[in-house]
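Visitor: Hi, could you walk me through this one? I'd like to start with the strands and then move on to the helices.

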Amino acid sequence: KEDRVIARIDGVAIQESEMELLYANLTPQQKQAMAGQDREKLLNNYIEFRVLVAKAKRLGIDKSPDFQKKHRLNGFQLMAAELLQKEGDALQKKSQVTDEEVKAYFEGNKDAFKTQGKFNARHILVKTKGGPNGESGLSEDDAKKKLAGIQAEFAKGAKWDDLAKQHSEDPGSKDKGGLYEGIAFGQFVPEFEAAVKKQEIGKVGEPVKSTFGYHLIQVESRTDAEVPAFDAVKEQVKQKAMQVKQEMTWKAFVEAAKKEVDFTLVPKDAKETKPAAKAAVPAAKPAAKPAKKAEGAGK
């Protein structure tokens, strides 16, 4: 295919293939933003872009130290991207995991796939002064007296629903008879959960003190954390095992590259620096004469 010249700017021929390369390397988001534009519009956009580049050159922007540094870094990024594109398939293959590797990862990391223990429990909260949010509450003595009265009502056969609605100061459960269902361990204050783990199922325990105040707790049920069967979490294990292998493959690739090049890591306390190169900004060039009509641009 003939590489058509679409414009001349400051004596430089701008070819259609340059535009093709630019748009081929746009991000998916940039391509989506330009979707629906006809070819003539894209050509005009590219020509405008190159006009700005020419103006920047006339102002000497390309000679400034900051620009030279950024330009150098952009070149490094492009080279690294080209290398990874070349090595991508090989790295991808090395990152794949076999069924045996997935099973081995599961066996060596079972705790990471444990299901959380859960519990159902009822409680009545009697707040004391100086809670975590500075709430008002009863003194220690008054709180203990109130708790003794509630315990006495339990002993006489009073129901949780009635006592929770009447006495509990926990807005999240008082209207449900103090009940919390399907709660995973790790969400409540430690003192509360410690009591849930050791109390006898179905019996009201002794008052438990936390930062919120005193709790009367009755555990209805609880399940311990357990390791699920491998087949139940196989896909989850595979994703994790692949992630770990990808990280190992990448690290090995970089370490091998370090051995192939002359690599030395300079210690922080060495304070080795490289003087910045001096770059003079030249005076603006005189305006070029208007170019003739672009080759092949007319109809």
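Guide: Gladly. Strand S5 (residues 208–209) pairs with S6 in the antiparallel sense over two bridges. Two strands count as paired if DSSP finds at least two bridges between them. This is a predicted model, in which local features need pLDDT of at least 70 and side-chain atom pairs count only at pLDDT 80 or more, while totals for chains, interfaces and linings use all residues. Residues are numbered from 1 along each chain as its sequence is written, and side-chain values use heavy atoms, with hydrogens and water left out.

Visitor: How are helices and strands defined here?

Guide: Both are DSSP runs numbered from the N terminus: helices are H or I with at least four residues, and strands are E with at least two.

Visitor: OK, and what joins S5 to S6?

Guide: A hairpin does, through three residues. In that pairing, Val-208 stands opposite His-215 in S6.

Visitor: What order do the strands take in the sheet?

Guide: Four strands form an open sheet in the order S4-S3-S6-S5, with antiparallel pairing. Strand S4 (179–184) and S5 are at the edges with a single partner strand each, so one side of each has no neighbour in the sheet.

Visitor: How many bridges does S3 make with S6?

Guide: Ten, in the antiparallel sense, and Lys-127 stands opposite Gly-213 in S6. S3 is also joined to S4 by four bridges, again antiparallel, with Lys-118 opposite Ala-184 in S4.

Visitor: Let's look at Arg-122. Buried or exposed?

Guide: Arg-122 lies in strand S3 (residues 118–127) and counts as buried because its relative accessibility is 17%. Buried means under 20% relative accessible area, exposed over 50% and partly exposed in between, with a 1.4 Å probe and protein chains only.

Visitor: Which side chain does the side chain of Arg-122 make a polar contact with?

Guide: That of Glu-220, at 2.7 Å. A polar contact is a pair of N or O atoms within 3.5 Å; within protein, one must be able to donate a hydrogen and the other to accept it, and residues adjacent in sequence count only if both atoms are side-chain atoms. Leaving aside neighbours within four places in sequence, Arg-122 is also in contact (heavy atoms within 4.5 Å) with residues including Trp-160, Asp-161 and Lys-176.

Visitor: Switching to helices: which residues of H3 are buried?

Guide: They are Leu-42, Leu-43, Tyr-46, Arg-50 and Ala-54. Seen down the axis of H3, these buried residues fall within an arc of 120 degrees, so they line one face of the helix. The arc is that of the directions from the helix axis to the C-beta atoms.

Visitor: What covers them?

Guide: The cover includes strand S1 (5–9), strand S2 (12–15), helix H1 (16–24) and helix H2 (28–34). On the face of H3 turned away from the buried side are the exposed residues Glu-40, Glu-48, Leu-52 and Lys-55.

Visitor: And where is the kink in H4 centred?

Guide: On Glu-87, with a kink of about 55 degrees. The bend at a residue is the angle between axes fitted to the seven residues ending there and the seven starting there.

Visitor: One last stop: where does Phe-230 sit?

Guide: Phe-230 is in the loop between strand S6 (213–223) and helix H9 (234–260). Phe-230 counts as buried because its relative accessibility is 14%. Not counting residues up to four places away in sequence, Phe-230 touches Val-102, Lys-103, Phe-106 and Val-237.
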